[in-house]
Amino acid sequence: VIKCKAAVAWEAGKPLSLEEVEVAPPKAHEVRIKIVATAVCHTDAYTLSGADPEGCFPVILGHEGAGIVESVGEGVTKVKPGDTVIPLYIPQCGECKFCKNPKTNLCQKIRITQGKGLMPDGSSRFTCKGKQIYHFMGTSTFSEYTVVADISVAKIDAAAPLDKVCLLGCGISTGYGAAVNTAKVEPGSTCAVFGLGGVGLAVIMGCKIAGASRIIGVDINKDKYAKAKEFGATECISPHDFKKPIQEVLVEMTDGGVDYSFECIGNVGVMRAALEACHKGWGVSVIVGVAAAGQEISTRPFQLVTGRTWKGTAFGGWKSVDSVPKLVTDYMSKKIKVDEFVTHTLPFDKINEAFELMHTGK
């Protein structure tokens, strides 16, 4: 058993608490990882807020991390101690019908136990003050050591800077893949990206790499426009600057609507606007943001009857074990940006400050 520091969420709506936790050794087909760097994501904040129906407490959150394999359980063949890895919240077992289907990346092998905050055998590897602590998204990167299933880990280039590539564990991969895998943005097309946080910027990057000729960023926070343009946005607009609904504004700006739109917020009203901003006949809108539990999307069926397509994406459609190492390689060869997404680097004990910076849009 390893004793180390972790940021524990004891209950919903409270700040994280830095505690000493015990991390049990990995069982069969499990991997214990020394986490070197982790990022914070709105999904962590969503669960911490209490709005997540799958949220269990007490829990160690975090799902954008990178580290070094410390030890492996029996039967683990893909990684060994000393390997550089990124833990994966969507695993890739290679055996389930989802993994065998090229149309999806949603491996279901450990979905039920992962959703309950447990390892595949139905137990936890974390204890603190004598209490069992739940796992989160199968990764729990807000701990100096974590244990994950062996199908939930990608071995990456040992030369990669872990304080950067940890972002490929969720946000960048999700946005970039939404553009290139899910929407399949084409050269010369017009795109609209709603929400210019980390995921929205990654979508813009994907649209640009795919050859889009016009990329319109949409956000009420104008402080985000300069960064969006650095990533490839050709213009940025705020819904607050117009009297009419933003979808009508976009339809007028683009002679009938955009070819591709992306909702990167998790707001069902914005999801509707993104669909209705699409061009009749061929427009595709991708939902990337995660809405709160129980919310529903709506539009007039005529929007779809007249040829628009509504899609969703999780982790950008990447089959995780296969794709994450390639994304790291693409970053190392300067095909995709990663460094530019990092705005602040804080010591672990300032993790609550990191959440505050995220909530204020900084």
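This report covers strand pairing, nonpolar cores and backbone geometry in a predicted model.

## Basis of the model

The model is predicted: local features need pLDDT of at least 70, side-chain atom pairs count only at pLDDT 80 or more, and totals for chains, interfaces and linings use all residues. Residues are numbered from 1 along each chain as its sequence is written, and side-chain values use heavy atoms, with hydrogens and water left out.

Helices and strands here are DSSP runs, numbered from the N terminus; a helix is H or I over at least four residues, and a strand is E over at least two. Two strands pair if DSSP finds at least two bridges between them.

Strand β2 spans residues 17-23 and is joined to β1 by seven bridges. Within this antiparallel pair, Glu20 of β2 stands opposite Lys5.

Buried means under 20% relative accessible area, exposed over 50%, and partly exposed in between (1.4 Å probe, protein chains only). Strand β3 covers residues 30-39; seven of its 10 residues are buried, so the strand is largely enclosed by the rest of the structure.

Two antiparallel pairings involve β3. Five bridges link β3 to β8 (residues 145-149), and Arg32 has Val147 in β8 as its bridge partner. Eight bridges link β3 to β4 (residues 64-72). There, Ala39 is partnered with Glu64 in β4.

## Nonpolar cores

A nonpolar core is a set of buried Ala, Val, Leu, Ile, Met, Phe, Trp, Tyr and Cys residues joined through side-chain atoms within 4.5 Å. The largest has 81 residues, and Val165, Val185 and Phe262 touch the most other members. Helix α6 (residues 198-209) gives the largest share, six residues. Domain 1 (2-169 + 319-352) and domain 2 (174-314) both contribute residues, so this core lies between them. Those bounds come from an automatic or database domain assignment. Apart from this core lies another, of 14 residues, including Val218, Val249, Leu250 and Cys278.

What does Phe262 contact, leaving aside its neighbours within four places in sequence? Its contacts (heavy atoms within 4.5 Å) include Ala178, Val185, Cys191, Phe194, Cys207 and Val286.

## The annotated span

UniProt, in an unreviewed entry, places "domain: Alcohol dehydrogenase-like C-terminal" at residues 198-322. Its positions are given in the numbering used here, feature names are shortened, and annotations may be inferred rather than shown by experiment. In the model, this span of residues 198-322 is 35% helix and 16% strand, and its end C-alpha atoms lie 23 Å apart.

## Backbone exceptions

Most residues other than glycine have a negative phi, and most peptide bonds are trans. The bond from Phe57 to Pro58 is cis, with omega near -5 degrees. Pro58 sits in the loop between α1 (42-49) and β4.

Asp255 is not a glycine, yet has a positive phi of about 55 degrees. Asp255 belongs to the loop between α8 (246-253) and β13 (260-263). Asp255 is exposed, with a relative accessible area of 68%. Lys334, also not a glycine, has a positive phi of about 65 degrees. Its loop runs between α11 (320-332) and α12 (351-359). Lys334 is exposed, at a relative accessible area of 75%.
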